[in-house]
Amino acid sequence: MQLEEILEQYPKQHTLNNGRTVTIRPLQTTDEKEFHAFFSAIPETERLLFKHRVTDPAVIHEWCHRIDYGRILPLLALEGRQILADASLHQTLGGWKRHIGRLSVVVHPQARGQGLAKLLVHELIEIAQHIGLERLEAEFMGEQKSARHVFGSLGFSELLVLPDYAKDMQALPHDYVLMGRRLITDEEFAGAN
């Protein structure tokens, strides 16, 4: 299945564990203001672990105005216009990692514990299978135990742990954890029948 066909399936509605209904859809250019507000609501102690300065309006502007779903597919969970969670599938379109996608997920502090991370990661796993990726990986700092638990519940396992390998935004060292899982692609699934 082509990515364009997959994207036509959005937006989707989902009911969360607490009964709230959210809309799942890819990031759009018009989400810039809400996307910045979403990342600004993440506690600073957690933002220190991010790779980008997500409270910088220029960073968010760049992300919203250079959308390329074939390279980075950000899926949002929204309630009205408010972004409750963001999960992204990152792809390398050539080279030795072209068969591997990388996932990341962030959930708004007031929307945690409702199954949003698991919902969005599951959506991206299905997309990855349909577009022919063979493996998925996710990177964490050692302290991100709850996020690692969510990924573990979806079939990811620890591939490696490097003590004090990564540095946060304040240049403090943290353990680097790489988790991964193998996918059954559409072609493999069809061949198994």
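Buried means under 20% relative accessible area, exposed means over 50%, and partly exposed is anything in between (1.4 Å probe, protein chains only). This is a predicted model, where local features need pLDDT of at least 70, side-chain atom pairs count only at pLDDT 80 or more, and totals for chains, interfaces and linings use all residues. Residues are numbered from 1 along each chain as its sequence is written, and side-chain values use heavy atoms, with hydrogens and water left out.

**View 1. Arg20 pairs up with Glu79 in a salt bridge.** A salt bridge here is a side-chain nitrogen of Lys or Arg within 4 Å of a carboxyl oxygen of Asp or Glu. For this pair, the N to O distance is 2.4 Å. Arg20 is partly exposed at 23% relative accessibility, and Glu79 is partly exposed too, at 30%.

**View 2. Glu46 and Arg112 form a salt bridge.** Their closest N and O atoms are 2.7 Å apart. The partners come from distant parts of the chain, 66 residues apart: Glu46 sits in helix 3 (residues 44-47), and Arg112 in the loop between strand 5 (100-107) and helix 5 (116-130). Helices (H or I, at least four residues) and strands (E, at least two) are DSSP runs, numbered from the N terminus.

**View 3. Lys97 meets Glu137 in a salt bridge.** Here the N to O distance is 3.0 Å. Lys97 is partly exposed, at 26%, while Glu137 is buried, at 11%.

**View 4. Arg25, Asp31, Glu34 and Arg81 make one network.** Salt bridges that share partners join these four residues. By the same rule, the count comes to eleven salt bridges.
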